[in-house]
Amino acid sequence: MGLQAKVMAKLKEAMKAKDEVALTSLRAVKAELLLAQTASGAKTELTEVEEIKLIQKLVKQRKDSAAIFTEQGRTDLAEPELAQAEVIEQFLPEQLAEDEIEKIVSKVISELGASGMKDMGAVMAQVNKEVAGQADGKTISTIVKKSLT
């Protein structure tokens, strides 16, 4: 079952349960999927990698908004954002633990012979290919920086 079919099934469940947070979140996912599919020059079907990137982007937006709201002392606005991020995250693959990411990073560094920060871009690209949606870019970046210094 494709992502769009999963989202539609969850949307129906949320409507029946009258779950407003899930409805809002799932409608945002559906809208982004439709926008991506109808974008100029886009194919009719998105690849799984493109779908994962889209879901990651939506989760990141919600978490960034929640962080800003929390900084400003607006927990009333931060909580719904975090709740929406949690609903959207269910469409992401199982996330890797930091120690698993560290193993992948060290393996890639040794394969590429990376020796310093000048090699960070190459290491990041290779690690992103290997983890494919199982970790967010910020976590990977932090681990790569720590490993290359």
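Begin by selecting helix H5 and helix H7, where Glu 98, Ile 101, Glu 102, Val 105 and Ile 109 in H5 meet Thr 139, Ile 140, Ile 143, Val 144, Lys 146, Ser 147 and Leu 148 in H7, contact meaning heavy atoms within 4.5 Å. The model is a predicted one, in which local features need pLDDT of at least 70 and side-chain atom pairs count only at pLDDT 80 or more, while totals for chains, interfaces and linings use all residues. Residues are numbered from 1 along each chain as its sequence is written, and side-chain values use heavy atoms, with hydrogens and water left out.

By class, this contact of H5 with H7 has seven nonpolar, two polar and three charged residues, where Ala, Val, Leu, Ile, Met, Phe, Trp, Tyr, Cys and Pro count as nonpolar, Asp, Glu, Lys and Arg as charged, and the others, Gly among them, as polar. The axes of H5 (residues 98–112) and H7 come within 10 Å and cross at roughly 55°; axes are lines fitted to C-alpha atoms, for helices over the stretch in contact, and angles run from 0 to 180 degrees between N-to-C directions. H5 is therefore oblique to H7, given that angles under 35 degrees count as roughly parallel, over 145 as roughly antiparallel, 65 to 115 as roughly perpendicular and the rest as oblique. H5 passes H7 in a right-handed crossing, a crossing being right-handed if the near helix is turned clockwise from the far one by less than a right angle, and left-handed if anticlockwise.

Now zoom out to the whole chain. The protein has seven helices and zero strands, these being DSSP runs numbered from the N terminus, with helices (H or I) of at least four residues and strands (E) of at least two. Along its principal axes the C-alpha trace spans about 55 × 45 × 30 Å.

Next, select H3 (residues 48–71) and H4 (residues 75–89), whose axes come within 8 Å and cross at roughly 160°. That angle makes H3 roughly antiparallel to H4, and the crossing of H3 and H4 is left-handed. To see the contact, show the side chains of Ile 55, Leu 58, Val 59, Arg 62, Lys 63, Ser 65, Ala 66, Phe 69 and Thr 70 in H3, which meet Leu 77, Ala 78, Glu 81, Leu 82, Gln 84, Ala 85, Ile 88 and Glu 89 in H4. By class, the contact of H3 with H4 has 10 nonpolar, three polar and four charged residues.

The largest pocket has a volume of about 480 Å³; on a 1 Å grid over the protein atoms alone, a pocket is an open set of points with protein on both sides within 12 Å along at least five of seven lines, where a 1.4 Å probe fits, and lining residues have an atom within 4 Å of a point. Of the 18 residues that line the largest pocket, the closest to its centre are Gln 56, Lys 60, Lys 63, Asp 136 and Gly 137. H3 gives the most to this lining, with six residues.

Finally, move to the second largest pocket, which holds about 230 Å³ of space. Leu 3, Lys 6, Glu 51, Phe 91 and Leu 92 are the closest to its centre among the 13 residues that line the second largest pocket, and H3 gives the most to that lining, with four residues.

Definitions and conventions: Grid points are joined across faces, edges and corners, and a volume is the space filled by probe spheres set on the points.
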